[in-house]
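Welcome, and take a moment to turn the structure around before reading on. The paragraphs below walk through it piece by piece.

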Amino acid sequence: MQGCGFLRAPKKPGPGAVSAGLTVHPETTRVQLYLPIADIPVNIFLILAMGAAVGFVSGMFGIGGGFLMTPLLIFIGIAPSVAVASVASHIAASSFSGAITYWRRRAIDPALALVLLCGGTIGTALGVWTFTLLRSLGQLDLMIALSYVVLLTTVGGLMFWEGLRSMLRVRRGMAVSLRRSGSHGWVHGLPFKMRFKRSKIYLSVIPVIGVGLIIGFIGAIMGIGGGFILVPIMIYFLRVPTSTVIGTSMVLTLVTMVFATLLHAITNHLVDAVLALVLMTGGVTGAQFGARAGQKIRGEHLRLLLGLLILAVGIRFAYELVIRPDDLFTIRQTGGAV
Amino acid sequence: MSGRVLCAVFAAMIALGAAGIAQPARAERLIVSVSNHRVTVTPAYSGEELVLFGSVEKDASTPPGRNNYDLVVTVIGPRADMVTRRKERKFGIWINTDYREFIQVPTYLALFSNRPFDAIASPDVERRQQLGLNNVLLTQRVGTDYADVVPNDAFRSAFVRLRREQGLYREETSAVTFLTPTLFRTGIPLPAAVPIGTYKVEIKLFADGALITRTDTAFDIVKVGFEQFVATAARQDGLVYGLFTAFMALMAGWMASVVFRKD
């Protein structure tokens, strides 16, 4: 086979190569971005737009937006495991820019954030460990979908209901009562009480650490910051005033998501930095505009809208699980090549 | 472009003809080459087609007047273990229940010929020479055994169907064209999702329903550029990669807050 050297076709066939039987698919050449870890080509503008849209929503509601971003990525065909791991870094970016803004406005309670983080970091580590375990059992995708259905429909339904009720109350001319401190509670009977100055609350650290732990855990498994659960819990359960609740929850989101990014990268090698970068670029931009839009909408309307949105994503997941899939079979490479 | 490829084909004929002289005497000999032995996949890669061309060299012992050659080209990509899972309805939702493991099966597999396999050889020869996706050996773990199953097995056919949908398994019985009775060419389509590694190409020559001779060649698929660098870094230096990604996230967040600062 001596003659081969000079017979090679040119390395990069130009568009003109088509005529010689070299098929080039012209429609897929320009805007495609190849994701190295997800291992699929995607349309860069689609991902950018998704990042911006989710960023807008997250800025508006003061949430990380992971509960929207992760499902969207799964719906366009990225493996749930890669989506979860990559979105963690995207949420870290958007919550960092949010946290800076809230810090300037002095809307963060540092002491409360620190106590939340004690639980949050442990929860994240546990979450990544569980994630790895489920993945080896081949049931990770199902568990991610199921968790989304349960969590989103419950939280979304509750928020929607709550938003609706307070809106009706306003319409009837009744005062909006957030039932602040003193109304009830075993939460307030717990020991290890601590004074959180900026939030003006006096509270046991046990429920605070517990909340941080749970949020960190589900955040690492589901690829969400957890802000949309954390904020209501902090308002209704811990009675944190609305002035500091969003900023403080963003600090927890930021730190747990940075930690989750690190752990996912080290253990499962599933963080797609290219995907994350595109999402961040769209996300942080969208978040800035969303934050401004959010300030113009009333609190109960905001809650009603957010509740609807969360409910919709949850139902979409439930629908995926209930209807007969287009294909009952799936293939996964378990190793051996390269 | 078409002119260049044609030139290349003719140059190949001359070169291959010259190379063929020194070989020991056999009835027929196959001389083949692919247009590119090293395909580099860049981020802009959106699928390409390699060209395999070659010729059938006859010698003195070739039965005179034999020109009715048939050719089957099998391209086998790097092998890997795969799991095929089947969803079933349980408690009202569709979940993965049963699964089958495919052991060291090709990640890419293409079978090309100049006419239908059953016209080339008898069913027995088809099976023995693994002609067609139905006859290629795809080893499964069945209990403690390793074996292939019948072609219409639910898992096997689902596996082959899914790989075909991704363009990674192919079977075309009119893809090989004879330019002259002894000179042939075929295209090997390589979609964007091709796995990297070494690809083996087996070329089998048939006449009158029997295998006359065969030869092998190979090519490599390598991924280069930024995306491959990222993938390698993620696998090999998880910690550094994670730190870098986290740092990137913080920078993006910080920059946004600076750029969009209102006051």
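Two strands count as paired if DSSP finds at least two bridges between them. Strands themselves are DSSP runs of E with at least two residues, while helices are runs of H or I with at least four, and both are numbered from the N terminus. What you see is a predicted model, in which local features need pLDDT of at least 70 and side-chain atom pairs count only at pLDDT 80 or more, while totals for chains, interfaces and linings use all residues. Residues are numbered from 1 along each chain as its sequence is written, and chains are lettered from A and ligands numbered from 1 in the order in which they are written.

Let's begin in chain B with a pair of neighbouring strands. Strand β5 (residues 79-90) of chain B and strand β6 (residues 93-106) of chain B are antiparallel and share 11 bridges. Across this pairing, R89(B) faces W94(B) in β6(B). The two strands make a hairpin with two residues between them, and F91(B) in the turn has a positive phi of about 50°. β6(B) also pairs with strand β8 (residues 140-142) of chain B, again antiparallel, through two bridges; here F102(B) stands opposite Q140(B) in β8(B).

One more residue of this strand deserves a look. Q104(B) lies in strand β6 of chain B, and its phi is near 50°, a positive value in a residue other than glycine.

Now step back to the sheets of chain B. Strands of a sheet pair through backbone hydrogen bonds, either parallel or antiparallel. β2(B) runs parallel to strand β14 (residues 210-223) of chain B, and four bridges join them.

Seven bridges link β1(B) with strand β3 (residues 48-58) of chain B, and V32(B) has G54(B) as its bridge partner in β3(B). Taken as a whole, chain B has six helices and 14 strands, and 38% of its 263 residues count as buried.

Chain A brings us to helices. Helix α3 (residues 80-104) of chain A packs against helix α9 (residues 273-295) of chain A at an angle of about 30°, with the axes 9 Å apart. Axes are lines fitted to C-alpha atoms, for helices over the stretch in contact, and angles run from 0 to 180 degrees between N-to-C directions. The residues of this contact divide into eight nonpolar, eight polar and no charged. In this scheme Ala, Val, Leu, Ile, Met, Phe, Trp, Tyr, Cys and Pro are nonpolar, Asp, Glu, Lys and Arg are charged, and the others, Gly among them, are polar.

A second pair is helix α4 (residues 110-137) of chain A and helix α6 (residues 205-222) of chain A, whose axes come within 6 Å and cross at roughly 35°. Their contact residues comprise 20 nonpolar, 11 polar and no charged.

Between α8 (242-267) and α9 of chain A, the loop contains H269(A). The phi of H269(A) is near 50°, a positive value in a residue other than glycine. H269(A) is partly exposed, with 19 other C-beta atoms within 10 Å.

Finally, a word on confidence. pLDDT is the predictor's confidence in each residue, from 0 to 100. Chain A has a mean pLDDT of 77, and 83% of its residues reach 70 or more. Over residues 1-29 of chain A, however, pLDDT stays under 50, as also over residues 179-183 of chain A. Where pLDDT is low, the predicted coordinates should not be read in detail.

Note on methods: Two residues are in contact if their C-beta atoms, placed from the backbone, lie within 7 Å. A residue is buried if 20 or more other C-beta atoms lie within 10 Å of its own, exposed if 12 or fewer, and partly exposed in between; C-beta atoms are placed from the backbone.
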